[in-house]
Amino acid sequence: MQTSRGVRGLSYTLVTPANHYPSRLPHFGDAPVVKLVTPRMAPSRIGEYLVSLPAGAGTARPVEPGFETFLYGLEGEATVLTGGEAFALHAGGFAYLPGDHAYDVAAGDHPARLLMVKRRYEPFPGVAAPQPLCGHRDDEPFADTDVPGFRRRELLPTADPAFDFNMSVLAFDPGVGLDKVEIHDEEHGLYMTAGGGTYLLEDRELEVRAGDFIYMAPYCPQSFVAGDEPSEYLLYKDVWRDGF
Ligand code: UGY
Ligand code: MN
């Protein structure tokens with residue numbers, strides 16, 4: 001019998017690389033797409049996918065009105081074209097694409113692996129939707145938090161209520177963790193980009209490693225402590241809305 005570290009809890013899933021079973025999506029052609037979470041996994045309101053683009057492969061996403069996309073480069077080199085602008089997606093590069101923007105994404109001379117978040121934009125009366133945005137995780141230094149050895153970098157503007165989600169990189173020195181067990185209304189999609197440690201989800205302590213993905217539903221009790229190496233994760237969190 002096969003075993004794995006993957007778990008499906010009441011309010012979370014842990015999906016490890018050993019659990020991946022790739023699918024496809026029409027706009028990515030034959031590129032393997034691992035659907036880490038979609039709204040089929042109730043109550044998720046996001047799709048988060050791992051897309052492996054073969055070298056030179058290009059693909060076009062038509063406008064899906066109302067759906068916004070966030071792309072993050074994990075490996076290789078890709079280029080995103082939208083509205084006449086080109087964004088480079090090397091490892092650590094990212095692009096935010098609002099719902100009224102079609103885009104093309106193509107790998108360069110080497111295969112590229114991308115993490116993609118898709119969700120329905122939730123407008124707020126009187127607040128205009130965001131414009132496309134791109135950058136790299138190292139464009140700005142990580143900010144210290146109240147916990148020594150725990151730093152974070154916000155990839156999207158957290159103070160702008162036009163954005164209905166944040167993407168943050170959380171970095172922990174060995175042995176450092178979150179300072180509480182959080183229970184909150186917002187949901188998370190978490191991708192471990194480096195290191196590993198122990199994640200508390202509901203009442204279970206689970207070993208996590210680079211390449212793992214965790215979906216946390218609203219009000220999922222959660223905490224983390226890094227293991228014996230520096231650890232990082234990329235975290236989706238819905239913000240500025242209350243889910244009605
Ligand atoms: O911002 C957060 O909600 C974050 N501290 N949660 C987490 O890392 N699980
Ligand atoms: Mn949280």
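What follows is a chat about a predicted model, covering its metal site, pockets and backbone.

User: What should I know about the model and the numbering before we start?
Analyst: The model is predicted, so local features need pLDDT of at least 70 and side-chain atom pairs count only at pLDDT 80 or more, while totals for chains, interfaces and linings use all residues. Residues are numbered from 1 along each chain as its sequence is written, chains are lettered from A and ligands numbered from 1 in the order in which they are written, and side-chain values use heavy atoms, with hydrogens and water left out.

User: Metal first. Which residues coordinate the manganese ion (ligand 2)?
Analyst: E182 (OE), H184 (NE2), H188 (NE2) and Q222 (OE1) do, at 2.1 to 2.4 Å. Donors here are N, O and S atoms within 2.8 Å of the metal (3.2 Å for Na, K and Ca), and water is not among the atoms, so sites may look incomplete.

User: What is the geometry of the manganese ion site?
Analyst: Octahedral, with six donor atoms and angles of 75 to 175° among them.

User: How are the donor residues spaced in sequence?
Analyst: The pattern is E-x1-H-x3-H-x33-Q. H184 lies in the loop between β15 (165-172) and β16 (188-194), and Q222 in strand β20 (residues 222-226), so this pair ties together parts that are 38 residues apart in sequence. Strands (E, at least two residues) and helices (H or I, at least four) are DSSP runs, numbered from the N terminus.

User: Are H184 and Q222 buried or exposed?
Analyst: H184 and Q222 are both buried. Buried means under 20% relative accessible area, exposed over 50%, and partly exposed in between (1.4 Å probe, protein chains only).

User: What counts as a pocket, and how is the volume taken?
Analyst: On a 1 Å grid over the protein atoms alone, a pocket is an open set of points with protein on both sides within 12 Å along at least five of seven lines, whereas a cavity is a set where a 1.4 Å probe fits but cannot get out; lining residues have an atom within 4 Å of a point. Grid points are joined across faces, edges and corners, and the volume is the space filled by probe spheres set on the points. For the classes, Ala, Val, Leu, Ile, Met, Phe, Trp, Tyr, Cys and Pro count as nonpolar, Asp, Glu, Lys and Arg as charged, and the others, Gly among them, as polar.

User: Which residues lie nearest the centre of the second largest pocket?
Analyst: R152, L178, E182, H184 and K237, out of 16 lining residues. E182 and H184 also coordinate the manganese ion (ligand 2). The second largest pocket holds about 270 Å³. β21 (231-238) and β14 (150-154) each supply at least two lining residues, and β21 gives the most, with three. The lining has eight nonpolar, three polar and five charged residues.

User: Now the backbone. Where is the cis peptide bond?
Analyst: Between A42 and P43, with omega about 5°. P43 sits in the loop between β3 and β4 (46-53).

User: Which residues other than glycine have a positive phi?
Analyst: Among them are E202, with phi near 55°, and Y219, with phi near 70°. E202 is in the loop between β17 (196-201) and β18 (204-209) and is partly exposed at 22% relative accessibility. Y219 is in the loop between β19 (213-216) and β20.

User: Why flag those?
Analyst: Because most residues other than glycine have a negative phi, and most peptide bonds are trans.

Technical notes:
Four donors count as tetrahedral if all angles lie between 85 and 135 degrees; four count as square planar and six as octahedral if opposite donors are over 155 degrees apart and all others between 65 and 115; anything else is irregular.
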